[in-house]
Amino acid sequence: RVLFRSKLYDFNWKNLIDSVENNLEFGAWLVSRREYYDYQRLDNLKIQADQMEERLKELEDEREVGSIDESMYKEIAQDFKSTVKEYKNLKSILDKDNIDRDVAEQSYKEHKDKYKKQTDMFDKLEKADLDLYIIR
């Protein structure tokens, strides 16, 4: 089945490429942006996991005296396991990318205003492409 879509924007991928002075720098900046936000997400996952672990320890005491609903404990334990798994997966990706957190942050912040227009174009085109390929 072939999907057709009407024109969503008054620009396309070629317009984006033509609007960037240095495509290599822009591409590197996009990677830095992803890394920057992935490091933030990693930090948030760590905070969540630590909070869940602390809550599980508290519930463990309540569990021993039978004053807690077992299904609630199991649900929190499962959420904790999922969060830790997500943390480990993201950490593995960042480790393999081998881009220092400070380098990613500096690059992202240094060029985010320079590429504001192109970033908006990129994100809209990327979302439109992803939406196109999602089978409904």
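What follows is a chat about a predicted model of a protein.

Colleague: What should I know about the numbering and the model before I start?

Modeller: Residues are numbered from 1 along each chain as its sequence is written. Because this is a predicted model, local features need pLDDT of at least 70 and side-chain atom pairs count only at pLDDT 80 or more, while totals for chains, interfaces and linings use all residues, and side-chain values use heavy atoms, with hydrogens and water left out.

Colleague: How many helices and strands does the protein have?

Modeller: The protein has five helices and zero strands, where helices (H or I, at least four residues) and strands (E, at least two) are DSSP runs numbered from the N terminus. The radius of gyration, taken over C-alpha atoms, is 22 Å, well over the 14 Å that the globule rule (2.2 Å times the number of residues to the power 0.38) gives for 136 residues, so the protein is more spread out than a compact globule.

Colleague: Which residues of α4 are buried?

Modeller: In helix α4, residues 101-111, the buried ones are Ala104, Ser107, Tyr108 and His111; buried means under 20% relative accessible area, exposed over 50%, and partly exposed in between, with a 1.4 Å probe and protein chains only. Seen down the axis of α4, these buried residues fall within an arc of 100° (the directions run from the helix axis to the C-beta atoms), so they line one face of the helix.

Colleague: And what does the face turned away from that buried side carry?

Modeller: That face of α4 carries the exposed residues Asp102, Gln106 and Glu110, whereas the cover over the buried residues of α4 includes α2 (23-64).

Terms used. Contact = heavy atoms within 4.5 Å.
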